[in-house]
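Please open the model in your viewer, show the chain as a cartoon, and keep a selection panel at hand. The stops below go from one selection to the next.

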Amino acid sequence: MSHRQGLHDDGLAPYAALEATSRGRRHPEPAAGYRGEFQRDRDRIVHSNAFRRLVYKTQVFVNHEGDLFRTRLTHSLEVAQIARTVARALGLSEPLTEAICLAHDLGHTPFGHAGQDALNECMRDFGGFEHNLQSLRVVDELEERYAEFPGLNLTFESREGILKHCSAANARRLGDVGRRFLERRQPGLEAQLANVADAIAYNNHDVDDGIRAGLVSVDTLAQVTLFRRHHDAVHSAYPDIPSRKLVHETIRRMINDVVTDLIEETRRRLAAAGPDDIDAVRAQVGPLVAFSDGKHEEHLELKRFLRRHVYEHERVQGMREGAVRTLKDLYGAFFDDVALMPAEHRDIALRLESEQGPAGRARAVADYVAGMTDRYAFQEHQRVFR
Ligand code: MG
C-alpha cells in the first residue's frame with residue numbers, strides 16, 4: 001500500500017505516523033502555515049496551563065525537599081528527549097513522539113501516585129480517578145485556549161498515544177480513541193515508544209534522585225545487574241573518579257545501554273513483522289517497540305529494586321500520608337460545599353451536577369483538585385481549614 005506523503009512526512013518510515021494518513025482532529029481546522037500537524041500538537045501542549053503546572057508537581061520527591069529532584073516537568077522533558085533519539089533512529093515522527101511524551105503526565109494530581117490513589121478513592125462511587133485518563137481529559141476538555149472548541153483539539157494520533165491504558169467501560173465511553181482497548185489492538189509506534197521511554201526515564205532518574213536523597217547507596221545498588229555492570233566498568237577505567245561523577249557516568253551508560261537495546265530489538269521486530277503502514281502496526285498482537293528479553297529482565301530488576309528501596313522507603317511513604325490527607329480533605333470540603341471553590345470551578349460543578357447529578361459535581365471537584373500543584377494544594381488546604 002502506498003501513501004501520498006504529506007509535506008511534513010519526508011524521510012519517515014512507512015510504518016511511522018504520517019500526516020498524510022492522520023485520522024485528524026475532532027474539530028477540523030485549516031492547516032498551519034509552516035508547521036506540521038504533529039508539531040502543532042506539541043506546541044499546543046507546551047503552551048498549555050497544565051504543562052506549566054508540572055513544574056510544581058511531585059514525581060517521587062516533594063518539590064520543596066530539594067531543587068535538584070525531578071519534578072513532573074523535568075521528568076516529562078527527559079522522557080521526550082530519550083524518545084526523540086529513538087524516534088529518529090527508527091524513522092518515526094519526532095514531533096508526534098515529543099507531543100505524546102510532553103503530555104503523558106498532564107493529568108497527574110499533586111503529590112505523585114499518592115495523590116492519584118487518594119483521589120481515586122474519593123471518586124470510587126463516581127467512576128474513579130485515573131491520571132492517564134485525566135491526561136486525555138485535560139487535552140480534550142479542560143484546557144481553555146481556543147475560541148472555537150474546548151481543550152487543545154489534538155490529532156487522533158496524539159490522543160491515542162496519551163491514552164496508555166483504559167478500562168472497557170471507559171473505552172466504550174471514549175469512542176474512537178478507546179476502541180483499540182476493546183478490539184485489543186496496538187497504538188502507533190510513537191505511542192509505544194513514549195510508553196517505554198517513560199520507564200527508561202524514571203528507572204534511571206530515580207536511581208540518581210534516590211542516591212541524592214540518601215535513600216540508597218552505590219553499594220546497595222550493586223545488587224542490580226544493570227547498575228553493577230556499568231558501575232564496575234567505570235570504576236575500573238577511572239579508579240580515582242569522584243563519587244558524583246561515578247554515579248552520573250554510570251547512569252549515563254545505563255541509559256545508553258537500554259536505549260541501544262531498544263532500538264536494535266525494535267528494528268528486529270519491525271523487520272520480522274514488516275508492517276506496511278500505521279494500521280498494520282495497530283493490527284499487531286503485541287507492541288513492536290520493545291526491549292530484548294534479557295534487557296527487559298534487567299530493567300524489571302531495576303524497577304523492583306526502586307520500588308523496594310525508594311518508593312516504599314519510609315521517608316517517601318511519610319510524605320504519602322500527608323498528601324493523602326490533604327487531598328481527601330480538599331475533595332470532601334469542596335464536594336460538600338462547591339461554593340468553597342473559586343467561582344469558575346463552582347459554576348462548572350453546578351452545571352455538571354445539573355447535567356449528570358452527583359457524579360457531575362464529583363467530576364468537577366476532582367478536575368479542580370487534580371489540576372493543583374503541590375504547593376497550591378497546601379495553600380488551598382490552609383485557606384479552607386484555617
Ligand atoms: Mg511519566
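Begin by selecting H2, H6, H8, helix H17 (343-356) and H18, each of which supplies at least two residues of the lining of the largest pocket; helices here are DSSP runs of H or I of at least four residues, numbered from the N terminus. H6 gives the most to this lining, with 8 residues. The pocket has a volume of about 1300 Å³, and among its 49 lining residues, Gln134, Arg137, Glu141, Leu142 and Asp367 lie nearest its centre. A pocket is an open set of points on a 1 Å grid over the protein atoms alone, with protein on both sides within 12 Å along at least five of seven lines, while a cavity is a set of points where a 1.4 Å probe fits but cannot get out; lining residues have an atom within 4 Å of a point. Grid points are joined across faces, edges and corners, and a volume is the space filled by probe spheres set on the points.

This is a predicted model, in which local features need pLDDT of at least 70 and side-chain atom pairs count only at pLDDT 80 or more, whereas totals for chains, interfaces and linings use all residues. Residues are numbered from 1 along each chain as its sequence is written, and side-chain values use heavy atoms, with hydrogens and water left out.

Because 9 of its 12 residues are buried, H6 is largely enclosed by the rest of the structure. Buried means under 20% relative accessible area, exposed over 50% and partly exposed in between, with a 1.4 Å probe and protein chains only.

Arginine 44 is found in helix H1 (residues 37-46) and is buried, with a relative accessible area of 6%. A polar atom of its side chain lies 2.9 Å from the backbone oxygen of leucine 152.

Now select the magnesium ion: which protein atoms are its donors? They are His75 (NE2), His104 (NE2), Asp105 (OD) and Asp198 (OD), lying 2.1 to 2.7 Å from the ion; donors are N, O and S atoms within 2.8 Å of the metal (3.2 Å for Na, K and Ca), and water is not among the atoms, so sites may look incomplete. Histidine 75 lies in helix H3 (residues 72-90) and aspartate 198 in helix H10 (residues 189-212), so the pair ties together parts that are 123 residues apart in sequence. Histidine 75 counts as buried at 1% relative accessibility, as does aspartate 198 at 8%.

Finish at glutamate 94, in helix H4 (residues 94-103), which is buried with a relative accessible area of 15%.

Key:
A polar contact is a pair of N or O atoms within 3.5 Å; within protein, one must be able to donate a hydrogen and the other to accept it, and residues adjacent in sequence count only if both atoms are side-chain atoms.
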